[in-house]
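Please open the structure in your viewer and keep the selection tool at hand.

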Amino acid sequence: MTSALKSVLLVGGSGFLGLHLINEFWQLEPRPEIHVFDIRELPDTSGYKFDRSKIVVHVGDLTKEEDVKAALSASSPQIVVHSASPIHGMGKEIYHKVNVVGTKTLIKCCEDAKVPALIYTSSAGVVFNGEDLFGPDERLPFPSKAMDAYNSTKQEAEVFVLKANGALKTVALRPAGIFGPGDRQMIPSLRTMAERGQHKIQLGDNLNLFDVTYVGNVAYSHVLAAQKLMENAPGVAGEAFFITNDEPIYF
Ligand code: NAD
């Protein structure tokens, strides 16, 4: 890195991925100040490597400009990581409000505050059209119709983030399914289905492709992106990257 990262603001830092982002940024030498901006406080963090008393939490709503401005002003970050999103299964309005309005608000506030760089946690779902994708890469365009409201708003937000690349350097990272300690969605919903006996139902030929990546690796990809943006490495700013273990599984 040309200069060490002094301060990072993790938007959505109280979430599943967010806590692993704290964990990964915590291990950098020298350690940056780590700030979290989230609508909720940090949950139980036992089992993580970081000392939660050293993490500065700014409770606020991404869709409220005044909350975002206050967090940026208190943290003076060189890197903002935006991994806030409503959980799966919510209505279209809430996805639009947080993913689209919230992301636009964050971009504007970052530009106004002259933040050097923004990393957006997008999703591999932005290119998913319901068909198996074999070895796709970042040249794959968005499908003409997104799978659902979650994916269509993740697409929209990703477009805004990448178009904003300029004085504010931006990058979008696209994990697919994320697994690991603290998962609130994938394994818990599989367990619920098993408990309800819903595993007897089969859709398709049982060979649907699915891509999952360990949460620590997804978090580490954000640290690598931060380092590359700080170095002004070519081919990073303004780009989207799939984040994967490179070995899709049959689900
Ligand atoms: P999560 O729900 O555990 O974490 C999201 C965090 O965002 C939560 O702490 C929540 O309180 C916060 N948040 C929501 N609305 C907010 C608002 N208005 N203002 C401030 N904070 C708000 O989700 P996660 O699984 O950790 O996902 C993190 C990111 O990764 C999301 O952007 C998601 O779209 C993306 N992603 C997740 C998966 C996955 O399998 N979990 C896969 C691909 C992409």
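Select S76, which is partly exposed because 14 other C-beta atoms lie within 10 Å. On this scale, a residue is buried if 20 or more other C-beta atoms lie within 10 Å of its own, exposed if 12 or fewer, and partly exposed in between, with C-beta atoms placed from the backbone. S76 sits in the loop between α2 and β4 (79-82). Its phi is positive, about 40°, although S76 is not a glycine.

Before continuing, please note that this is a predicted model, in which local features need pLDDT of at least 70, side-chain atom pairs count only at pLDDT 80 or more, and totals for chains, interfaces and linings use all residues. Residues are numbered from 1 along each chain as its sequence is written. Helices (H or I, at least four residues) and strands (E, at least two) are DSSP runs, numbered from the N terminus.

**Stop two: α2 against α3**

Select helix α2 (residues 65-75) together with α3 (92-112). They pack at an angle of about 40°, with their axes 10 Å apart. Axes are lines fitted to C-alpha atoms, for helices over the stretch in contact, and angles run from 0 to 180 degrees between N-to-C directions. The two helices, α2 and α3, are therefore oblique to each other. Angles under 35 degrees count as roughly parallel, over 145 as roughly antiparallel, 65 to 115 as roughly perpendicular and the rest as oblique.

Which residues in α2 and α3 meet? E65, V68, K69 and L72 in α2 meet T105, L106, C109 and C110 in α3; contact here requires C-beta atoms, placed from the backbone, within 7 Å. The residues of this contact comprise 5 nonpolar, 1 polar and 2 charged. Ala, Val, Leu, Ile, Met, Phe, Trp, Tyr, Cys and Pro count as nonpolar, Asp, Glu, Lys and Arg as charged, and the others, Gly among them, as polar.

**Stop three: α3 against α4**

The contact of α3 with α4 divides into 8 nonpolar, 4 polar and 4 charged residues.

**Stop four: S122**

Is S122 buried or exposed? It counts as buried, because it has 29 C-beta neighbours inside 10 Å. Leaving aside neighbours within four places in sequence, S122 is in contact with K154, E158, A172, L173, R174 and A240.

**Stop five: the ligand**

Select the ligand, which 28 residues surround; the closest are G12, G15, L17, L62 and S85. A residue belongs here if its C-beta atom, placed from the backbone, lies within 6 Å of the molecule. The elements that give two or more residues to this shell are α1 (16-26), α3 and β7 (177-179). Of these, α1 gives the most, with 3 residues. The shell divides into 11 nonpolar, 12 polar and 5 charged residues.

**Stop six: two loops**

Select E29 and P30, which are joined by a cis peptide bond with omega about -5°. P30 is placed in the loop between α1 and β2 (33-38). Finally, select N232, in the loop between α6 (215-230) and β10 (239-243). N232 is exposed, because 12 other C-beta atoms lie within 10 Å.

Technical notes:
Two residues are in contact if their C-beta atoms, placed from the backbone, lie within 7 Å.
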